[in-house]
Amino acid sequence: MKKVEDYIINIPDFPEPGIIFRDITGVLNDAEGLQLSIDELYKLLDGVDFDVVAGAEARGFLFGMPLAYKAKKRFVPVRKKGKLPRETVQKEYSLEYGTATIEVHKDDIKPGDKVVIVDDLMATGGTIRATIDLIEELGGEVVKVLFLIELEGLNGRKLFDGYDIESVVKYPGA
C-alpha cells in the first residue's frame, strides 16, 4: 500500500541550489494519492470537537474544503489582502523577503467557534501563525492545526507552542 509521501514529487535545486522542493501536485494529480491525503488528514481529526475548518489561500483550500465536506462542517477561507468583498480583519506577517497580509471575513468566525486550520506545508510557520491570530482576534478557539507536509528543519513549530499540531508527512530537513 502506498503512503502519501510516495505521491510527493521531490524536485532538487528548486527554487535555488541546495533546496529540495516538495511538490504536492503529484498528490493532487493522482486520484488515489488525493484520496489518501484527505483520508490521512481526516484521521488526525479523530476525537477532535470542532465547528469550522479554516484554510489558508490557496493550498489550504485544496485540503481544507474536502475535510470540511467529509466532517460536515463549515469552511472558512483565509485569503490574501483585497480578495474578500465583505468587512474583514487583517494580519500582516513576515516573509523571507518582505511582508504579506491575510484576511478573513469578520463574521465568518463567531466567538466560541472551535476551529481546525489546514494547510499543505509547514515551513517557517508565518502564514498559519497569522491565521491563528486572526481567528483568536474574532473569538475563535484553534483546537487543531493540520499540515500535509512539515519541513522540520525550518523549525516552524516554534511559533505554535500550546497548540495541537500534526502533519501527515515530516521531512527532517528544509
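For what follows, I count a contact when heavy atoms are within 4.5 Å. The model is a predicted one.

**Confidence.** I checked pLDDT before anything else. The protein averages 96, and 100% of its residues reach 70 or more. Among the elements, helix 2 has the highest mean, 98, while strand 5 (residues 88–95) has the lowest, 92.

**Helix 3, length.** I looked up whether the span fits the residue count. Helix 3 covers residues 59–71, and its 13 residues should span 18 Å at 1.5 Å a residue. The end C-alpha atoms are 19 Å apart, which agrees.

**Helix 3, buried side.** Next I asked which residues of helix 3 are buried. I found Gly60, Phe63, Gly64, Leu67, Ala68 and Ala71. They sit on the same side of helix 3, because their arc around the axis is only 135 degrees. Then I looked for what covers them. The cover includes helix 1 (25–28) and helix 2 (31–43), along with strand 3 (52–56), strand 4 (74–80), strand 7 (114–122) and strand 8 (141–151).

**Helix 3, end.** I also noted what comes after helix 3: Lys72 follows, with a positive phi near 60 degrees.

**Ile9.** I moved on to strand 1 (residues 9–12), where Ile9 lies. Is Ile9 buried, exposed or partly exposed? Its relative accessibility is 40%, so I put Ile9 down as partly exposed. Leaving out residues up to four places away in sequence, Ile9 touches Phe21, Arg22, Asp23 and Gly26. For Arg22 I noted the spacing too: Ile9 and Arg22 are 13 residues apart in sequence, and their C-alpha atoms are 5.9 Å apart in space.

Technical notes
Residues numbered from 1 in each chain as written. Predicted model: local features only at pLDDT ≥ 70, side-chain atom pairs only at ≥ 80, totals over all residues. Heavy atoms only, no water. Helix = DSSP H or I, 4+ residues; strand = E, 2+ residues; numbered from the N terminus. Expected span 1.5 Å × (residues − 1). Buried < 20%, exposed > 50% of the residue type's maximum accessible area, 1.4 Å probe, protein only. Arc of directions from axis to C-beta. pLDDT = per-residue confidence, 0-100.
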